[in-house]
Structure formats: C-alpha cells, structure tokens
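Please take the sequence and the model together and follow the paragraphs below from one region to the next.

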Amino acid sequence: MSATSVVDLRCEYLVNPLGLDEPKPRLSWKMRDARPGAKQTAYEITFDNGGWSSGKVASDQSTHVAYAGPELKSRTRCTWRVRIWDHEGKPSEWSEPAFFEMGLLTRNEWKAEWIGSPHAGGAYSIPPAPYLRKAFSLAKPIRQARLYISALGIYEAEINGSRVSDDLFLPGRTEYKKRVPYQTWDVTALLKSGDNAIGAILGDGWYAGHVHSDPRGCYGDRPKLLAQLVVDFNDGSQQIVATDSTWKSTIEGPVRSSDILMGEDYDARKELPAGWSSAGFDDTAWDGVKTFDEPSVALIAKRSTNVKRMRELKPVSHTISANKRRILLDLGQNMVGRVRLKIRNAPPGKVVSLRHVEMLDKNGKPYVEALRTARATDHYTCRGGPEEVFEPRFTWHGFRYVEVRDLPCPLEGDTVIGVVIHSDTPPTGTFECSDPMINQLQSNITWSQRGNFLEIPTDCPQRDERLGWTGDAQVFIRTAAFNMDVAAFFTHWLQVMADAQFENGGIPSTVPFCPSIPTEGGPAWSDAAVICPWTIYLCYGDTRILETAYPMMRKFVQYLQDTSPNDIRADETKKWRGYGDWLSQNADTAPDLIGTAFYAHCADLMSRIATVLGKAEHAGEYRALHERVRGVWRKRFVTLDGLIAGQTQTAYLLSLQFDLIQPELRAKVVDALVRDIRKRGMHLSTGFVGTPYLTQVLTREGHLDVAYALLEQKTFPSWLFPITHGATTMWERWDGWTPEKGFNDAGMNSYNHYAYGAVGDWMYATIAGIDLDREKPGYKHIVIAPRPGGTITGARASLKSIYGLIKSEWTLAADGTFNLRVTIPPNTTATVRLPSGKETAIEAGEHSFTEAKA
Ligand code: BGC
C-alpha cells in the first residue's frame, strides 16, 4: 500500500458534473498523505475507453489541470482517474474514478421549442402556475436517458410521477436578455419501455415575476419551458421527446399564484392526481400550449451548484393572540427559506396563512414595514383529511418569525418547520475564539451568507430587493471564500456580470441588471468587475477566471478612463456620482475621492492580472495608469498639511489600503485615523466602502490594539452592538435598531445584509491567522500568522482549501505563553509567523510552536 492516495476529484470545481459546455474542463484532486512534507512530484491522468491520457507529467500541479485530449463532443461522458508520484518518487494507486459529461454543445442539437401556457398574467396579477405534460412511448430497451432542460422562469420537472431533481429555482438566474442556463439530468431510472410521460410545473421566478419595485414581467409575461429528453436504446438507436406544440397544459392546478416577493397561494383542493406526470392520465380537458419564438439568447450549461434545501429549524417558542387566531412562532434564528407546514384533520377549504418577518415591533407584533412591497405571505387552502403538508415551491422569504393565521389544528412539534435554502456552496471554513460574542458574530456572518447566496450574491432576502448589488458582493467576497466554497458560484455570477455590462463598459449597480435601478454602479460598486475575479484567483488559484473576465475588466477600466476627466472619477460634473461610503456614520467621504481611489486600485489590480496572464505590455500600461491616477489622487485629495480631504476614517483607510498616500505621509495619516477612532470613543464611522479595510489597515500599520478594540466594542456603532440586542444575522445598518430610536427608516432596514460581515476575513486571517500568499495563490503557499489581541485568549480556525485542510489553533496562557498548532495539507508549504515576528518555513503536516511572553 502506498502512503499516498488521491481523493476528492473535481471537474470545474464540481463533483461529477453532468452537462458541461467547457471545451477544456479543468481537473483537480487532493493528495492524501499523513507524512510530514508530503508533496506531489508528478501526476498522470487517464481516461477510460481510450480517451485522453496525460502521460506522466513531472509537476506538483494538482488543481486546474486543463483537459488536453481530443475535442470533446456533445454528450460524451468521460470517466477519469489520477495517480500521483510523491516526494520520494513513489506512485500512488490510481484514484477512484470520477466523471464528467458534456452537454449539448451546439444550438442545432436542440430539437425542442420554447413552450408555455396560453394564459399570461398582468402587470400586477399573478396567474396560476401552469402544469405541462406530454405522454410518449418507448418501444425498445433503454440504455440511458438524459433530460436537457431549461426555463425562462423556474421549472420543476417530473417523469412518470417522480421528481427529476429536488434542486430548487431551476435552471437558475441569469441576465435573461443574453443567456439562459440549462441542466442535464440522468433520468434513465425514471423511464421504462412502453408508455411514459413527462411533466413540468412552471413558476414566474425572476423572469416573469416581480423584481424590486418593478411590476411583473421584467423580461417576459409568462414562464416558458424548453426540454429535450434524449433516450438511447440498447440497439444504438435514439428517441427524442422535446417540448413542442403537441404538449398539453393546464392552469387548473393547486399553485394559484407564486411569486418570489409576494409568496405563494396554494389550494390543495385543486391538487392534480399523482398521475398527472405519468402515462395513462387523462389530459383531454387540458389546454394546448403556446409555442414561442427562439429568444435568441445563448443557452449554456449551468456552471454553478443549484439552490437546495440545506437544513431545518424548529421553532423555539411561540405566542398565541388573544382571539386565538394568530400564532407567532420564533425560529430562534433569522433564516432564509420557507416553512413546511403540517396540518391534521382540517376542514376542506380552510385557509391558513403564513406571514414572515425578521423582527417584532415593541408590542411584539410582526414588523412588516421594512418588507416594503414584498407581501412575503403564503396562503394554504386545506384539502381536508388526516394529514396534509405544504411547502411553497417558487418563493422564499427572509424571516425569523412566522405568524400562522387560522391554524385548524393544535400546534405540534412538527406543525411549523423552517426549511433553510441556499445555493449549495459547500462549507469550507470554521472559526472560533475565546470570546462568545465574536463567535456569535461569526455565526451571524455565516447565516447572512447562507441567506444571500441564492443563485447570485444578493443584498438582502426579505424586502422587495434581493438584487445582485455589486458593491456588497465586492466587499464580502473574501470572507465568503473562507466560509464556503464559492468558486463555481462566482464563476457563474461573473459571467452574468459580463452579460450585464453596458455597451460603454460601465457595470450596472446590480447584476443581473434591474430595470428600476438603471444606474451604473459607480465607485466601489462597479469595481466588483475587477475585484471579484482577482479575489477568486487569489483564493482558488484560478487563472482561467481572470482570462475569461479579462475582456470585461479591460472594457470597464477603459470606461473609467473615458469617463474620468483629468483622471478624476465621479467628479462634480457628473449627475450620478455613486453610492459614496454607503451608510457611514456622520462621516461623508467625497464621491470623487472614493472614485479616484478605486480607479487607481483597479489599475493596480489590472496590472497584476495582466502579469499573471502573461500580458506584459498591458501590465506596463496599467502600471503607468495606476501611477498617473495615484498622482492625481495625491494632488487633489492630500491636503497641504499632509492629511486627506474630508478627514474621514474611510478616506484615510483607502489611502493606506490602496497604497495611495506618499510614503513619507503614511505615519501621519495612520495617526489621524487612530485619533479619529479614539475621538469617537473607540468607534468606527465607516460605511460599506471603508469598513472592510478598517481592521486590516490598523493591523498592518501597527495598531492591532485599536483593531481589537473596534472589534470588541459593544456600543453603537460596532459589530457587536447588534449582538447585544439579539441579532442572529448581520444588519444592513449599524443602527438598524437602537434603544433610543427603535427601528431605523423602514424604507431601507434589512436585518440580513452581509456587507458589514466583511470583517470576517480579518477574523480568519489575523485572529486565527490563516492567510494566503499572493505569489502562490489558492493556498499553494500558506501564511500562518495569528495576532493575539484584545481580551482573546485563544482561537482556532480551519479552511478546506483546494489542497486540503488548513488549521491554525492557538492559546495564550495566563503567564503570556503562546502555543500554536498548525496543520498544513499535502502538496503545500507554509510560512509561520509567530506574534514576536519570528518566521519559520514549514511543509505539510502538523506542527506546534511555543513562544514565551516577550
Ligand atoms: C441595497 C444595498 C446596496 C445599496 C446601494 C440598497 O438598497 O440593499 O445593499 O448596496 O442599496 O445604494
């Protein structure tokens, strides 16, 4: 038995993906080896059935190895294995096999037509969800079957009475004017020789439903389906069943209306017999379908993981109203998803409603004002009978409290269950320290990530917004990549961003584009176009994301050049100057100061990106652009006395974080920053833009104590203030609620907004001490540099990197002795920096360090 083995094979970050359209999929694996210093020195990839073989390649590369075999054809299934050679030159066994399968690579392989119900709703009237079906027969023994399926809107597909998948909100969310994703499902087991049927239920989703404050139908007036079942028989022949005008449809099903923002109305008395998607069902009373012209958008294989039911929560308490009609249940956690309701012995026709809110007002009543136009209410009409279960299909809510109205049966332990849903971004990080309030902060950050990583990164999950705000995503992405594997998730979103980019190169405020927010994102928002690909590159060593996003980034930076007279971005001639340091505390930072700072920062990143991509000429141009814009920034915003215009914390932070300030003025600016924090009684004043850099800059500039003081600050404004008031997710505003003023302006007051959670990356990287090395990204070389401080006496964190598990755990004894335990995965190296500054180079394995008090 070899001491080394190969595990966790991935293709494009995914486990055995079906339906890829990437012509050169990238393969990754992990080395498993308990020996200290374990390292891969060579690999060999082989494909079954005479596909491709890499041969033995002398290389330590174990991630993103691009397929280099013969051209991959539509529907090809490739089964692959890897073996590696260790640092002693000994080979491992071959890994267990993994596979990927190509989707339909050309448009003309789609025989299906877009179909939908003949009935459409209106701007404000939501029609019932259509059910569509088609019966067919298969004459021969079946070898395999695949369903290629997409929708404009949301589909839920069934074959012969069984769901094709439990995944939710399929096929996902995109920039519908440019692209729509499809899924490939292996449905072999659902079919049989003889009579069969296929069916689908369609939801409005983002395509036809309410989006933001817009009326229904931003993209189209009704949902549409495109499906193609391809059955391969044992004898080599094939049969295709595709959506076309011969399908039948009905809107006489139980989903009377369903909308992401409004909620779902379900009348169980109208449930169709279970056989509606099986052969033999009598559909003569059903309508036909309407066929639609090709929307002339790209049809692409979905690259990311889907939304799934991820966990369940049970209520922790409840109260019953005086008239007994309303039961208010507390799930103990602000969550995103919906309720599964179980009802027993109800009279048929009884209507039960579920209203969802994040907070209760001072009278203990649901605080609905902040939902704005989102009704966030589900209605269930009972069928009657011993037991019935309802969970809405095409909607989700952000809530901690559920008000159940007119429950016709006693409340039992399983009457109301909170079903938590989000994109299946596998957890990768854990963080814990000796301060329970900071642990609660970590929990709140993670819950806000769960709640807002639903197909795209959104701002909030409860009100009529739920949009892909670029600024929010940009500030949070690094933290997100600690908590969960978000590589595929952002790969998808960045493609949507490229589609949403304006002709002139500007990036919209929200991605996908939202018609009621037509503005370009402006400083710190649009810059997500450069910052997000760069961050994914750093965290996952993914150069292809840089390559793919490069045209978008270049066009964006050109846009900055075109629209920044004399290199001042967001100058005062502009009507729209961006969102500023959104939600800062009495500390406005000028839009052009922020704008020009981010302009310089993007030029700097572009120069680095061009270097990574081997584009030396571009790198030089961007470097020069960076120098030039930085020069302009200094001239314009550094005051004669060596401070920064506006003198806000955010202005100081940007100057330091982006290395804008002249080196000789650095210390002065740092002093001014610290003075401002002290002047405010150890409080921050930063909004969305400055906050992520606060603790980072203070740490780097020798004020770790101030960084900890801010983090441990409990009075407003601070990260822990909401926690002293029971917050279980991140609030949108530092003062979303205060004892003095109560709720903030209901026009914009979400209790589940991850932006301020951007401090999470500092918690991992500085408190626990797990960081990356830009020169060897993706944690190929790891930096372990914990910095104890504040009242914290111990911390531990772990990160499942693309190479394997990294751990850092330390304790500080009463006599000041510092003990550190570190785990480094095989095939990586690390530098450990102890609090004294002493550095040690280490290799894979477990290591301990002790340092006495200096
Ligand atoms: C959103 C934010 C966003 C902001 C920009 C808000 O409505 O919820 O998160 O970044 O608008 O102005």
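A polar contact is a pair of N or O atoms within 3.5 Å; within protein, one of the two must be able to donate a hydrogen and the other to accept it. The model shown is a predicted one.

That definition applies at the start of helix H2, where a side-chain oxygen of Asp 435 comes to within 2.8 Å of the backbone nitrogen of Met 437. Helix H2 itself covers residues 436–452, 17 residues in total. From its first C-alpha to its last H2 reaches 24 Å, close to the 24 Å expected at 1.5 Å a residue. H2 is mostly covered, with 13 of its 17 residues buried.

The next stop is a single side chain in a strand. Gln 144 belongs to strand E11, which runs over residues 142–152. Its relative accessible area is 16%, and the cut-off for a buried residue is under 20%, so Gln 144 counts as buried. The side chain of Gln 144 makes a polar contact of 3.3 Å with the side chain of Arg 146. Apart from neighbours within four places in sequence, Gln 144 is in contact with Arg 75, Thr 188, Val 230, Val 231 and Asp 232.

Helix H9 (residues 649–657) shows burial along a whole element. Eight of its nine residues are buried, so H9 is largely enclosed by the rest of the structure. The buried residues are Gln 649, Thr 650, Ala 651, Tyr 652, Leu 653, Leu 654, Ser 655 and Leu 656. What do they pack against? The partners are four helices: H7 (591–612), H8 (616–637), H10 (666–679) and H11 (691–700). Just after H9, Asp 659 has a positive phi of about 55°.

The residues around it include Arg 463, Glu 465, Trp 469, Asp 472, Trp 525, Tyr 579, Trp 582, Phe 688 and Met 748. Also in this shell are Asp 459, Glu 732 and His 753, and each of these three places a polar side-chain atom by a ligand oxygen, as follows. For Asp 459 the distance to an oxygen atom of the ligand is 2.6 Å. For His 753 the corresponding distance is 2.8 Å, and for Glu 732 it is 3.5 Å. Taken alone, the ligand exposes 310 Å², and the protein buries 95% of that. By residue class, the shell divides into six nonpolar, one polar and five charged residues.

Definitions and conventions: Residues are numbered from 1 along each chain as its sequence is written. This is a predicted model: local features need pLDDT of at least 70, side-chain atom pairs count only at pLDDT 80 or more; totals for chains, interfaces and linings use all residues. Side-chain values use heavy atoms; hydrogens and water are left out. A residue is near a molecule or strand if one of its heavy atoms lies within 4 Å of it. Accessible areas come from the Shrake-Rupley method with a 1.4 Å probe; for residues, only the protein chains shown count as cover. Ala, Val, Leu, Ile, Met, Phe, Trp, Tyr, Cys and Pro count as nonpolar, Asp, Glu, Lys and Arg as charged, and the others, Gly among them, as polar. Buried means under 20% relative accessible area, exposed over 50%, partly exposed in between (1.4 Å probe, protein chains only). Helices (H or I, at least four residues) and strands (E, at least two) are DSSP runs, numbered from the N terminus. Contact means heavy atoms within 4.5 Å. The expected span of a helix is 1.5 Å times one less than its number of residues.
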